[in-house]
Amino acid sequence: MVFKKGKKERVLSYFIKTYGCQMNVNDSEYLAGQLEEMDYKKTPDLNNADLIILNTCCVRKKVEQKIYSMAGRVSQIKEDNPEVVFGICGCLAQKEIENIAKKIPYIDIIFGPSQITSFREIMELYRQNEGKETIIFCDNREPLKLANKPIKHHSPITAYIQIMKGCNNFCSYCIVPYTRGPEESRAAKEIIDEIEELASKKYKEIMLLGQNVNSYGQGLSNKDNFLNLLSQINKIEEIKRIRFTTSHPKDFNLDLIKVIKDGSKICEHIHLPLQSGSDNILNKMNRKYNMKQYYNIINNIRKCMPDASITTDIMVGFPGETEEDFQETIKACQNIQFDSCYTFIYSNRENTLSPFLGEEIPLLTKKKRLWALMEVQKEISSRINQSLIGKTVEVLVENRSKKGIENQYWGKTRTNKVAVFSYSNNDSLIAKLVYVKVKKADAYTLFGELIYVKRE
Ligand code: 5AD
Ligand code: SF4
């Protein structure tokens with residue numbers, strides 16, 4: 001047990017706030033795992049935590065501003081109670097390194113995404129130092145060390161697994177290659193061993209994570225490529241669903257489409273960030289594909305798997321983006337008919353090339369483009385979801401209704417759509433595969449009726 005010095009004996013508590021992508025969520029799972037091994041207990045109450053960690057993102061300026069404002073709040077807590085330990089980790093920590101300590105007083109520890117599983121050692125140094133100076137560990141070239149590390153998964157049903165770190169693509173707008181460093185793939189055996197252990201603990205769904213999963217395996221033996229990895233996981237009996245994100249269009253080939261089609265557990269959901277529908281902008285973004293190639297991938301997916309869902313990321317207001325460029329993005333969305341789309345306003349990031357590639361677009365223009373794109377996409381998503389009315393979909397039940405509606409449960413379809421259905425209040429369906437007949441749908445949710453429960 002861990003007790004607080006000089007005060008009444010009690011167990012120490014931690015509070016982790018996570019910003020950004022699923023990779024960060026997974027990093028926080030490792031942090032929580034190490035903390036619980038050190039006998040800390042999770043608390044939902046920021047004001048009463050003994051250790052507060054902000055696991056940060058810096059992909060866009062807006063999220064960065066949110067983090068600084070939260071860090072200001074934590075600094076205030078630390079000022080009132082100097083015994084609180086305040087840590088900042090993740091991509092913003094890696095980008096700013098010691099600058100962050102100058103901007104925010106009272107930070108005790110700063111570490112980058114590559115040091116996530118060294119947290120215990122970092123805390124040890126902090127203790128030896130008796131909190132006299134800020135401890136800083138930010139080296140994005142440090143190799144991945146995930147094997148056998150303690151982890152506290154965010155869900156008892158779905159487990160996130162990082163199969164690689166970093167990114168070598170250097171899209172001209174993106175800060176990730178600088179914060180997460182170069183690509184490095186984990187050995188396939190290490191990944192399979194971990195998934196087999198998760199299967200023995202009754203996990204049903206595996207989400208493979210990487211900035212660019214389909215380039216998995218570079219630097220490993222020839223056999224250890226993404227296609228073989230998917231096929232091997234597909235053989236693990238207890239695992240019922242396999243998902244992966246993010247795919248880069250430049251590496252999304254026909255072989256991968258066939259493996260998804262043939263792998264009975266590999267979900268027919270492909271997240272394929274388009275970013276822009278204009279060849280001119282794609283070229284400036286250094287995306288390494290053009291619209292003709294992107295359409296070709298979409299056609300191949302649809303030919304092989306007509307019911308697959310395809311989702312995307314699109315950014316508006318890239319430097320020099322003309323109204324014509326933007327209209328090409330709208331046209332691409334109308335032609336492709338994405339199931340859903342994450343939309344972003346471009347923001348300048350340190351070290352990236354994009355600010356030098358064209359004139360900055362006024363914020364109001366960016367916002368108007370974002371709203372127009374969102375409106376077009378909402379209509380498309382609604383229409384696609386409504387076309388499922390009357391059909392029966394497989395749902396992995398996650399939990400009771402998020403809105404607290406009695407007798408209502410929700411889960412995800414294989415195509416990654418949220419499906420809601422009623423069932424007399426009995427949690428026995430949680431983590432089960434069920435079939436739901438769709439009765440109603442909007443842009444974000446399918447509403448249906450439980451037809452039957454799949455036998456295990
Ligand atoms: N500005 C706005 N959006 C960005 N993204 C990445 N970098 C930026 C940036 N500088 C978006 C991309 C990416 C998603 C995760 O975040 O669309 O796919
Ligand atoms: Fe960033 Fe491009 Fe790498 Fe994705 S592929 S993380 S957008 S550099």
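**Figure 1. Asp313 and its neighbours at ligand 1.** In this predicted model, a polar side-chain atom of Asp313 lies 2.6 Å from an oxygen atom of ligand 1. Taken alone, ligand 1 exposes 400 Å², of which the protein buries 85%. Strand 13 and strand 14 are the elements that give two or more residues to the shell around this ligand. Two further side chains place a polar atom at an oxygen atom of ligand 1: that of Gln275 at 2.7 Å and that of Arg60 at 2.8 Å.

**Figure 2. The shell around ligand 1.** Which residues surround ligand 1? They are Val59, Arg60, Tyr173, Gln275, Asp313, Met315, Phe344, Ile345, Tyr346, Ser347 and Arg349. By class, the shell holds 6 nonpolar, 2 polar and 3 charged residues.

Figure 3. Strand 13 covers residues 309-316 and strand 14 covers residues 340-345; the two pair in the parallel sense over 6 bridges. Within the pairing, Thr312 has Cys341 of strand 14 as its bridge partner.

**Figure 4. The shell around ligand 2.** Around ligand 2 stand Cys167, Asn169, Phe170, Cys171, Tyr173, Cys174, Val176, Pro177, Gln211, His248 and Arg287. How many residues of this shell are nonpolar, polar and charged? The shell divides into 7 nonpolar, 3 polar and 1 charged. Tyr173 is listed around ligand 2 and is also listed around ligand 1.

**Figure 5. Strand 5 beside strand 6.** Strand 5 (residues 109-111) and strand 6 run parallel and are joined by 3 bridges. Which residue of strand 6 does Phe111 stand opposite? Phe111 faces Phe137 across this pairing.

**Figure 6. The domains of the protein.** The protein is divided into domain 1 (2-137), domain 2 (155-267) and domain 3 (392-453). Taken over C-alpha atoms, the centres of domain 1 and domain 3 are separated by 36 Å.

Terms used
Residues numbered from 1 in each chain as written. Chains lettered and ligands numbered in written order. Predicted model: local features only at pLDDT ≥ 70, side-chain atom pairs only at ≥ 80, totals over all residues. Heavy atoms only, no water. Domains from an automatic or database assignment. Near = heavy atom within 4 Å. Nonpolar A, V, L, I, M, F, W, Y, C, P; charged D, E, K, R; others polar. Pairing = 2+ DSSP bridges. Helix = DSSP H or I, 4+ residues; strand = E, 2+ residues; numbered from the N terminus. Polar contact = N/O pair within 3.5 Å; in protein donor to acceptor, adjacent residues only side chain to side chain. Areas by Shrake-Rupley, 256 points an atom, 1.4 Å probe, with all protein chains shown as cover.
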